[in-house]
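Please look at the model first, then read on.

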Amino acid sequence: MKSLEELRAIRAKMQGKVGVRAESADQTRVVVGMATCGIASGARPVLTALSDAVQEQNLSEKISVTQTGCIGLCQYEPIVEVMEPGKEKVTYVKMTPEKALEVLRLHLIGGQVVTKYTLSAAQNGAKQ
Amino acid sequence: MPEISLNILDVAENSVRARADLIEITVSVKPGEDTLTVIIRDNGCGMTADQAKRAQDPFFTTRTTRIVGLGLPFFKQAAECTGGNFRIDSEKGKGTTVQAVFGLSHIDRMPLGDISSTIHTLVVFNEQIDFKYTYEYGDKSFVLDTREMREMLGDEISFMEPEVSLFIWEYLDTNKKETDGGAEI
């Protein structure tokens, strides 16, 4: 059995290295819907993939990944909302871990909205 | 919901929204008794007896974004269709306990699924809440208590730090395998 004692070693190793993790106004917020509708359609791995990637790439000062309840668009879950300071919110729909990592790479790091995965693209597609 | 662990995640999110500061989750597999029992207990805002009864009805929800609430009804139905049972005990201002018993070998029982990832998600993304997770298989068991984790780790270091997050996942995964011997559940 693994023991929680290992956390003491992690603590000793990280002493002094931990920065302040306060949410700031110039941070980009990435929000994953985690109500019944989101969870049932696969939001958990999407949340984990985004959060892991942000941590691994040391982006947590710029990007915060959090969860929220039902956004009210259940048929489009899993939903990821991107809120950049001073910009309009972008809603990505029917996400998978792979698509979410594409959004991270192209939009959150590269600055280009991945139009094909947005809510408006999905709604326009449905009308045609 | 394709797996029991996602029902647990969903019901525990209710506890988060009920402003609980302690959520206790027990998953108990008893092959000898042919049962799989899930208990989710919180010290959140609780419900009146009437609300607790209506919470099992799909056309009741406290949310305002839509008029149906399927979380608890899904869980109830999943348990009852395996010859098991389901109950909610709640007291306004004290908290809520949800218990679901499944028939372990019943053909209609959905798989437990990735319970370690579910608990990991809950613990890491709700750091302000204490969790006590107990996993039992036969007479073996292990516990993850975030209050004990905090004692070892101190208050400064976030569970979201990659090393800590990975440790939590490995702790859950390794100890589950040692508890159930890697049984498919």
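In chain B, B:D42 stands opposite B:T96 in β4(B). The two belong to a pair of antiparallel strands, β2 (residues 35-42) and β4 (residues 95-103) of chain B, joined by eight bridges. Two strands count as paired if DSSP finds at least two bridges between them. Strands (E, at least two residues) and helices (H or I, at least four) are DSSP runs, numbered from the N terminus.

The model is predicted: local features need pLDDT of at least 70 and side-chain atom pairs count only at pLDDT 80 or more, while totals for chains, interfaces and linings use all residues. Residues are numbered from 1 along each chain as its sequence is written, and chains are lettered from A and ligands numbered from 1 in the order in which they are written.

**Chain B as a whole**

Chain B has six helices and six strands, in the order α-β-β-α-α-β-β-α-β-β-α-α from the N terminus. Its radius of gyration, taken over C-alpha atoms, is 16 Å, which agrees with the value near 16 Å for a compact globule of 185 residues. The rule behind that value is 2.2 Å times the number of residues to the power 0.38. Of the 185 residues, 37% are buried, meaning that 20 or more other C-beta atoms, placed from the backbone, lie within 10 Å of the residue's own.

**The sheet of chain B**

The six strands form an open sheet of mixed pairing, in the order β3-β4-β2-β1-β5-β6. At its edges stand β3 (85-91) and β6 (140-145) of chain B, each pairing on one side only.

| Strand pair | Sense | Bridges |
|---|---|---|
| β2(B) and β4(B) | antiparallel | eight |
| β1(B) and β5(B) | parallel | eight |
| β5(B) and β6(B) | antiparallel | six |

Strand β5(B) takes part in two of these pairings. Its residue B:T134 is the bridge partner of B:T26, and its residue B:K132 has B:D145 in β6(B) as bridge partner.

Helix α4 (residues 115-125) of chain B lies across β1 (22-30), β5 (130-137) and β6 of chain B, at about 170° to β5(B). Such angles run from 0 to 180 degrees between N-to-C directions, with axes fitted to C-alpha atoms, for helices over the stretch in contact. Helix α3 (residues 71-80) of chain B lies across β3 and β4 of chain B, at about 140° to β3(B).

**Chain A and the interface**

Chain A has an open sheet of four strands with mixed pairing, in the order β2-β1-β3-β4. Because β2 (63-68) and β4 (90-92) of chain A each have a single partner strand, one side of each is left without a neighbour in the sheet.

Between the chains, 27 residues of chain A are in contact with 36 residues of chain B; contact means C-beta atoms, placed from the backbone, within 7 Å. On the chain A side, α1(A) gives the most, with six residues.

Key. A residue is buried if 20 or more other C-beta atoms lie within 10 Å of its own, exposed if 12 or fewer, and partly exposed in between; C-beta atoms are placed from the backbone. Two residues are in contact if their C-beta atoms, placed from the backbone, lie within 7 Å.
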